[in-house]
Amino acid sequence: MTTPADAASRLHGRDLTLAYDQRVISQDLAVTVPDNSFTVIVGPNACGKSTLLRALSRTLRPARGHVHLDGRVIGSYPAKEVARRLGLLPQSSIAPDGIGVADLVARGRFPHQGFLRQWSKQDEAVVAEAMEATGIADLSERSVDELSGGQRQRVWLAMVLAQQTPLLLLDEPTTYLDIAHQMDMLDLCAELHAERGHTLVAVLHDLNHACRYATHLIVMKEGAIVAEGDPATVVTAELVEEVFGLPVRIIDDPETHTPMIVPVDRRAAAR
Amino acid sequence: MSDTLAPPRRPGTSGGRTTPRGSFALRLFGERLSLLVRPRTLVVCLALTLLSALVLVVSVSVGDYAIPLRAVPGAIAGYGERLDVFFVQGVRLPRALTAIGVGAALGIAGAVFQSLSRNALGSPDIIGFTSGAATGAVTVILVFGAGRVAVSLGAIAGGLLTAAVVYLLAMKNGVQGYRLVLVGIGVSAMLGSVRDYLLTRAELTDAMGAQIWMIGSLNGRGWGEVAAVWVCLALLGPVLLAQGKRLRFMELGEDTARGLGVSTQATQLTVLAVASALTGAAIAVAGPIGFIALAAPQLARRLTRTGGTTLVGSALMGAALLVVADLVAQRALAPVQLPAGVVTAVIGGSYLIWLLYTEWRGGRA
Ligand SMILES: Nc1ncnc2c1ncn2[C@@H]1O[C@H](COP(=O)(O)OP(=O)(O)O)[C@@H](O)[C@H]1O
Ligand SMILES: [Mg+2]
């Protein structure tokens with residue numbers, strides 16, 4: 001079953017059945033994250049995007065099938081070893097009461113630390129760089145409780161960056177952010193991808209953002225992948241209508257010349 | 001990103017500090033050993049240790065037969081007046097050491113339960129463990145009329161069984177804090193009525209014995225109890241401390257912890273089993289002393305300001321609370337001896353009211 005493209009990919013899954021207890025979300029799923037891509041996963045609410053991301057990050061063990069990371073079944077690595085190769089920003093996290101920004105970002109160093117090596121100079125430098133990259137260096141002395149939603153989201157991202165993993169999986173990194181901060185976050189992701197060579201997988205809600213930023217788009221519906229590839233070729237009005245049940249027109253994004261999705265005005269049709 | 005006018009920023013110096021607040025790095029042997037030291041935590045832990053030691057000496061010295069403070073060290077070592085040595089070595093020292101051990105066990109176990117349930121109320125007192133142990137012990141006393149060891153075993157069995165039942169009932173995609181607390185309160189209430197029923201059917205002297213046991217007390221505890229609780233602490237404490245860091249990571253949420261490389265299930269099972277065993281040992285030795293497990297972790301956390309669970313701090317706080325409570329219990333209405341559980345209930349009850357009040361004001365409860 002393994003095609004040459006898979007063999008070259010650091011992260012892929014085959015014949016995956018993903019379920020919570022008895023409840024099956026995805027069946028016979030095959031997914032490949034192309035190396036050095038900015039892969040974006042889109043799909044309607046509750047179609048299983050987060051579930052797929054959890055399986056790819058070993059947070060959820062597949063009921064059947066295996067996810068492969070760097071040529072080995074992901075479950076066969078020690079937990080910390082996975083965390084040195086792959087970082088996960090879950091859809092929701094909990095900041096303990098009163099924890100400081102730098103404390104939280106420093107948590108990202110855990111997979112690199114040991115009993116004797118708890119806070120090296122390298123840890124310090126990497127945490128500084130992660131806070132710099134996400135623009136939160138000035139907040140380092142603050143408590144996470146006191147921050148706005150957007151600042152908090154950047155703190156969590158900085159924590160994942162401090163893991164220094166070549167692969168980054170981000171579940172809805174732009175929720176809770178206003179439009180300007182959404183673009184900031186996406187530009188930052190694009191920079192991580194283009195300039196620092198990270199392979200990114202992000203779940204996004206906004207199709208236009210997905211088309212702008214993705215080098216590889218995965219479209220999901222009811223647990224299955226219904227289309228994937230370059231957004232310019234994948235995204236059609238038929239596909240969007242089929243997946244989201246929404247009639248749309250596709251026009252050219254005047255800024256980036258990627259597909260831009262404009263919902264059809266159903267009120268006009270009704271008139 | 002590059003700005004030619006701005007001086008190059010060195011990592012670690014830009015913006016603010018990168019070392020976690022209130023900490024500094026201690027690096028030795030050319031980076032082979034690097035530790036993060038929090039002076040505040042150290043000071044709090046040291047102060048609590050000193051407090052416990054001081055109260056230990058005082059409780060050894062005072063009593064209806066008073067021993068001058070300066071005679072205490074000698075008497076502890078076995079020198080001095082025979083009666084002094086008898087009271088110190090035979091009665092007061094083991095009692096105080098039991099109090100410290102039981103308090104430490106309850107404090108650290110409470111911290112584990114609260115951390116796992118992510119809830120300040122998720123302590124063994126509230127989630128049914130204590131009530132289960134009491135019911136187990138009362139059953140043994142009243143139904144089988146058995147002795148001290150059997151009562152202790154009954155308490156441990158009852159506690160573990162109840163904890164398992166509560167956890168199974170509260171479990172749904174992992175342990176949910178509030179569900180655990182609510183199920184625990186319900187199960188505790190049911191067990192309480194079982195105990196009441198047993199008490200109404202019992203002989204008066206048996207019933208009184210059971211009642212006294214249920215309050216929790218350190219009266220008459222000797223070297224056997226000291227050995228039991230301290231051996232458990234020495235064996236099980238390090239297991240918990242080794243998992244302490246992972247526990248604090250699990251407070252970030254299950255997915256986040258796993259993403260950072262923490263095996264959450266293994267950690268959860270280990271600490272749950274060990275903390276249950278420690279609670280069981282403490283209850284077996286001193287009866288179900290309330291509120292230490294509830295209050296100690298929160299007080300320690302607020303004093304150290306760690307923004308997370310502190311296991312060592314909770315243990316030391318539990319030890320200090322109980323040894324102080326027992327001293328108060330002995331001396332408050334002297335010559336009447338109160339059970340320590342009465343004093344911890346008064347302290348703990350006030351704490352609980354304060355906790356709920358601040359949580360309500362914070363809009364979280
Ligand atoms: N921990 C869980 N236990 C049980 N069912 C879950 C759990 N998490 C998600 N689900 C269910 O799985 C389905 C897919 O969820 P999810 O992957 O989170 O969707 P998406 O991220 O695409 O919105 C949903 O129906 C959701 O209710
Ligand atoms: Mg989701």
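Biologist: Which strands of chain A does helix H10 (residues 237-244) lie across?

Modeller: H10(A) lies across E9 and E10 of chain A, and runs at about 40° to E9(A). Helices (H or I, at least four residues) and strands (E, at least two) are DSSP runs, numbered from the N terminus. Angles run from 0 to 180 degrees between N-to-C directions, with axes fitted to C-alpha atoms, for helices over the stretch in contact. This is a predicted model, where local features need pLDDT of at least 70 and side-chain atom pairs count only at pLDDT 80 or more, while totals for chains, interfaces and linings use all residues. Residues are numbered from 1 along each chain as its sequence is written, chains are lettered from A and ligands numbered from 1 in the order in which they are written, and side-chain values use heavy atoms, without hydrogens and water.

Biologist: What makes strand E9 (residues 216-221) and E10 of chain A a pair?

Modeller: Five bridges link E9(A) and E10(A) in the antiparallel sense, and two strands pair if DSSP finds at least two bridges between them, so this pair qualifies. Lys221(A) stands opposite Ala224(A) in E10(A).

Biologist: Which sheet do they belong to, and which strands are its edges?

Modeller: They are part of an open sheet of six strands in chain A, ordered E6-E7-E8-E3-E9-E10, with mixed pairing. Strand E6 (86-89) and strand E10 (224-229) of chain A are called edge strands, as each pairs on one side only. On average, neighbouring strands of this sheet are turned by 15° against each other, direction ignored. H2(A) packs on the sheet and touches strand E3 (38-42), E6, strand E7 (167-171), strand E8 (199-203) and E9 of chain A; its direction makes about 155° with that of E7(A).

Biologist: Where else does helix H2 (residues 49-56) of chain A pack?

Modeller: There is also an open sheet of four strands in chain A, in the order E2-E1-E4-E5, with antiparallel pairing. Its edge strands are strand E2 (23-33) and E5 of chain A. H2(A) packs on this sheet too, touching E1, E2 and E4 of chain A, and its direction makes about 120° with that of E1(A).

Biologist: How many bridges hold the pairs of strand E4 (residues 64-69) of chain A?

Modeller: Five bridges join E4(A) to strand E1 (residues 11-20) of chain A, and Arg14(A) has His66(A) as its bridge partner in E4(A). With strand E5 (residues 72-73) of chain A, E4(A) pairs over two bridges, which just meets the rule of at least two. There, His68(A) is partnered by Val73(A) in E5(A). The hairpin of E4(A) and E5(A) has two residues between the strands, and Asp70(A) takes a positive phi near 50°.

Biologist: Which residue takes a positive phi in the hairpin of E11(A) and E12(A)?

Modeller: That is His257(A), with a phi near 55°, in a hairpin that has six residues between the strands. Strand E11 (residues 248-252) and strand E12 (residues 259-263) of chain A pair in the antiparallel sense over five bridges, and Val248(A) stands opposite Pro263(A) in E12(A).

Biologist: Why are H6(A) and H7(A) called roughly parallel?

Modeller: Helix H6 (residues 149-162) and helix H7 (residues 179-194) of chain A pack at an angle of about 10°, with their axes 12 Å apart. Angles under 35 degrees count as roughly parallel, over 145 as roughly antiparallel, 65 to 115 as roughly perpendicular and the rest as oblique, so H6(A) and H7(A) are roughly parallel. Among the H6(A) residues in the contact (heavy atoms within 4.5 Å) are Leu157(A) and Leu161(A), and among those of H7(A) are Met185(A) and Leu188(A). Five of the contact residues are nonpolar, two polar and one charged.

Biologist: What makes H3(B) and H11(B) roughly perpendicular?

Modeller: Helix H3 (residues 82-117) and helix H11 (residues 292-304) of chain B pack at about 75°, with their axes 7 Å apart. That makes H3(B) roughly perpendicular to H11(B). Their contact has seven nonpolar, five polar and no charged residues; Ala, Val, Leu, Ile, Met, Phe, Trp, Tyr, Cys and Pro count as nonpolar, Asp, Glu, Lys and Arg as charged, and the others, Gly among them, as polar.

Biologist: How do you know that Arg27(B) forms a salt bridge with Glu124(A)?

Modeller: Their closest N and O atoms are 2.9 Å apart, and a salt bridge is a side-chain nitrogen of Lys or Arg within 4 Å of a carboxyl oxygen of Asp or Glu, so the pair counts. The rule finds two salt bridges across the interface of chain B and chain A, where 40 residues of chain B are in contact with 51 residues of chain A. The buried area (accessible area, 1.4 Å probe, that two parts lose on being put together, summed over both) is about 3800 Å², and carbon and sulfur atoms give 51% of that.
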